[in-house]
Amino acid sequence: MAQPDTKKVFFENLSGTGKAIAVLTSGGDAQGMNAAVRAVVRMGLYVGAKVYFIHEGYQGMVDGGENIEEASWESVSSMLQVGGTVIGSARCKEFRSHEGRLKAAHNLVLQGITNLCVIGGDGSLTGANLFREEWSGLLTELVDQGLIEADAVQKYSALHIVGMVGSIDNDFCGTDMTIGTDSALHRIIEVVDAIMTTAQSHQRTFVLEVMGRHCGYLALVSALACGADWVLIPEMPPEDGWEDKMCQKLSANRAGMKRLNIIIVAEGAIDQNNRPITTENIKNLVVKCLGFDTRVTILGHVQRGGTPSAFDRILASRMGVEAVLALLETTANTPACVVSLCGNQSVRLPLMECVQMTQEVQRAMDGKRFEEAVKLRGRSFENNLRTYKLLAHRKPESELPVSNFNVAVLNVGAPAAGMNAAVRSAVRVGISEGHKMFAVSDGFEGFYKGQIREIKWADVGGWTGQGGSLLGTKRTLPAKHVEKIAEQMRMNNINALLIVGGFEAFLSLLELITARGKYDEFCVPMVMVPATVSNNVPGSDLSIGADTALNAITTTCDRIKQSASGTKRRVFIIETMGGYCGYLASVGGLAAGADAAYIYEEPFDIKDLQANVEHLTEKMKTSIQRGLVLRNENCNENYTTDFIYQLYSEEGKGVFDSRKNVLGHMQQGGAPSPFDRNFGTKISAKAMQWVTKKLTETFRHGRVFANTEDSCCLLGMRRRALVFQPVVQLKDETDFVHRIPKEQWWLKLRPLMKILAKYKTSYDVSDSGQLEHVIRNRPKESDASVAM
């Protein structure tokens, strides 16, 4: 369980009493903006501030009147799952003029607003910063014109700005992910997966155009997530003669029995001379050179629409709360900042530093300094591009290094969406580095039975988007069969192991490292990539598969809540997976807008259950029509899902009725989310590169011999970094009885869920973002970029 932190600082010291905060969305809409608005409103009200909506972005600020409306707790109910922006967004020419900003300042002063939370792109945020810089001068003008009293200049002397980046393009430097990007990737991948089935039927080539006039992030990551044959982005135009190379690649893939080709093009794709490359150009080229049946699909505004993903809801909720905290802490000398995400951490960055770097990218592209543009986009973008090239374009046999090493890949534990993407990545990176790759079917059970075969580059084609485990996976641990496994290692001359799996994979490595004392066959580099929907592996904040499970939970909760619309008041009790780990219940509860989430890590008793019922009863008596309660499957052996359902049914009589739902294995099924595809791909590629390094280091006198602790590692994401950790050193961090880490980062998100559900609680701000500076090139290890 999480240990108490004696250094905790709580925001009770940061009172918002007397402050007025306004929130607006500006520029293009993005899924998740509503979650950010909801978080700002509820956190602002929670700390005692007045909170206002500014409808229609800067236009509403200029026009004033009914466009500036005081927000209530209930006014943001039922908006978490809605796409777009409920408060409206508009591009405003008038705000670009001094006269327009003067009107806006007048309208804000009339309401006593001096704190602005702006959700938009770089243009919206730049406008906000200019407004802040001019503020005192604007107030002086308003006094001179007799529109406000002279004492208002002193009373409202400083305008404080905090920005959140809402943009599906992910084109803002300084943040790993902007609000809306993950949801846009969901829309793209849904379309690509659907197109692949029809393309395969007719042996067609599809050319898909995705958004990204100045940024190729969506094109690049969706190409990585679906294993596209070719991708064209503005930051890295193809070399001269690319047309022939592309056609050769498409032709080679068809010759290799592949029945379809996918080409993804960013709408701003250009060649080396800054000339546009259009989908029609590519279609005509493929038809002319290869004669393939080729179709074009332009996704357009589909990418902006639809329900926000679980990732975007959580990101926006965290950023919204962080924005309010930043406004509470700001002083007259604090520069306007952007609340942002780096790895898994909230950070605050000077707004204009981020804007200037974003503009530098465009200048580099205009000046044909494309490598510089890629670097300026950040390590996440660089890593995506490098990984795509590594996995999509196979080098000729003559150019491959010859290592003479055999590396085995296997899945261990329960299936998790994204496992296949991880295996594909490991196999192709291994082959690119000169290794012979072997696939082990059915985990260690298949290993001791000799179910081992060589796996080639083409064998893993099309694996990225498939759920479950194509290799087959079992929970069997190696200890009972260690002698037979050692024999198979010897017979197949296996020089390294890469294991993709959950807690059983972690236990397996501990057993194998113990067996080294008796069997030299296990004195080889071994690495584990965490993959489990439960997200309960020590040494990693995130596991492959957890995001897909969260999206399944969130989507189902949305549908369940919608089923009660138009009926009487109703509370739903939902049981989630996770074993003893409450990650899915807690983070799923935050994404779905739950009123409570019961987990093992946070013990509760009948008094807590009674308090929750009373809390819901009070909410139901006002305007809330539906309640949602999540329960982790092993949170308490006595307070079962049935017990909680019966308790809520009995105690809520006359106010609400109750329903229960056990989500079960649907949380493990389905196609992997874009997040899990890319996390699996990138983390597995990094693990394979580590294997190559260790093989080189430990090859002596004609054999591989690795028996040190650091030759058996788990690769996990820790805060901002992807870190290799010896599994032996993780033993002290592990609760083996309940199969969870002793400390879990997401427990700090639970008060956030309670605050947004109107509970009185304390919120730990010791982990809150501090103002940092934009770093052009972070240290190599810190490219966690969460997964994207």
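Here are some questions and answers about this structure.

User: Before we dig in, what kind of model is this?

Analyst: Residues are numbered from 1 along each chain as its sequence is written, and side-chain values use heavy atoms, with hydrogens and water left out. Local features need pLDDT of at least 70, side-chain atom pairs count only at pLDDT 80 or more, and totals for chains, interfaces and linings use all residues, as this is a predicted model.

User: What distance separates the end C-alpha atoms of helix H17?

Analyst: H17 runs over residues 503–515, and its 13 residues should span 18 Å at 1.5 Å a residue. Among the buried ones are Phe503, Glu504, Phe506 and Ile513.

User: Which residues form the positive surface patch?

Analyst: A patch is made of residues with over 30% relative accessible area and no salt bridge; like charges are joined within 9 Å, and nonpolar side chains (Val, Leu, Ile, Met, Phe, Trp, Tyr) within 5 Å. One member, Arg213, sits in the loop between strand S6 (205–210) and helix H7 (217–226). Arg213 is exposed, with a relative accessible area of 57%. The patch is made up of Arg91, Lys93, Arg96 and Arg213.

User: How many salt bridges does a search of the whole structure find?

Analyst: To count, a side-chain nitrogen of Lys or Arg has to be within 4 Å of a carboxyl oxygen of Asp or Glu. Searching the whole structure with that rule gives 35.

User: What is the N to O distance between Glu329 and Arg348?

Analyst: Glu329 is partly exposed at 30% relative accessibility, whereas Arg348 is buried at 5%. Their side chains meet in a salt bridge, N to O, at 2.8 Å.

User: How many residues apart are Lys754 and Glu602?

Analyst: Lys754 and Glu602 form a salt bridge, with the closest N and O atoms 2.8 Å apart. The pair links distant parts of the chain: Lys754 is in helix H23 (residues 750–756), and Glu602 is in the loop between strand S19 (596–598) and helix H20 (606–622), at a separation of 152 residues.

User: Which residues are joined into one network with Lys693?

Analyst: Lys693 pairs with Glu697 in a salt bridge, the closest N and O atoms being 3.7 Å apart. Because they are 4 residues apart in helix H22 (residues 674–698), about one helical turn separates Lys693 and Glu697. Salt bridges that share partners join Lys693 with Lys694, Glu697 and Asp710.

User: Is Asn535 buried or exposed?

Analyst: Asn535 lies in the loop between strand S17 (526–530) and helix H18 (546–563). Its phi is near 55°, a positive value in a residue other than glycine. With a relative accessible area of 3%, Asn535 is buried.

User: What does 29% relative accessibility make Arg739?

Analyst: Arg739 is in the loop between strand S26 (734–735) and strand S27 (740–741). Arg739 also has a positive phi, near 55°. At that accessibility, Arg739 counts as partly exposed.

User: How far apart in space are Leu232 and Gly146?

Analyst: Leu232 belongs to strand S7 (residues 230–232), and is buried with a relative accessible area of 1%. Leu232 and Gly146 are 86 residues apart in sequence, and their C-alpha to C-alpha distance is 57 Å.

How values were computed: Areas by Shrake-Rupley, 256 points an atom, 1.4 Å probe, with all protein chains shown as cover. Lys, Arg positive; Asp, Glu negative; His and termini not counted. Charge placed at Lys NZ, Arg CZ, Asp CG, Glu CD. Helix = DSSP H or I, 4+ residues; strand = E, 2+ residues; numbered from the N terminus. Buried < 20%, exposed > 50% of the residue type's maximum accessible area, 1.4 Å probe, protein only. Expected span 1.5 Å × (residues − 1).
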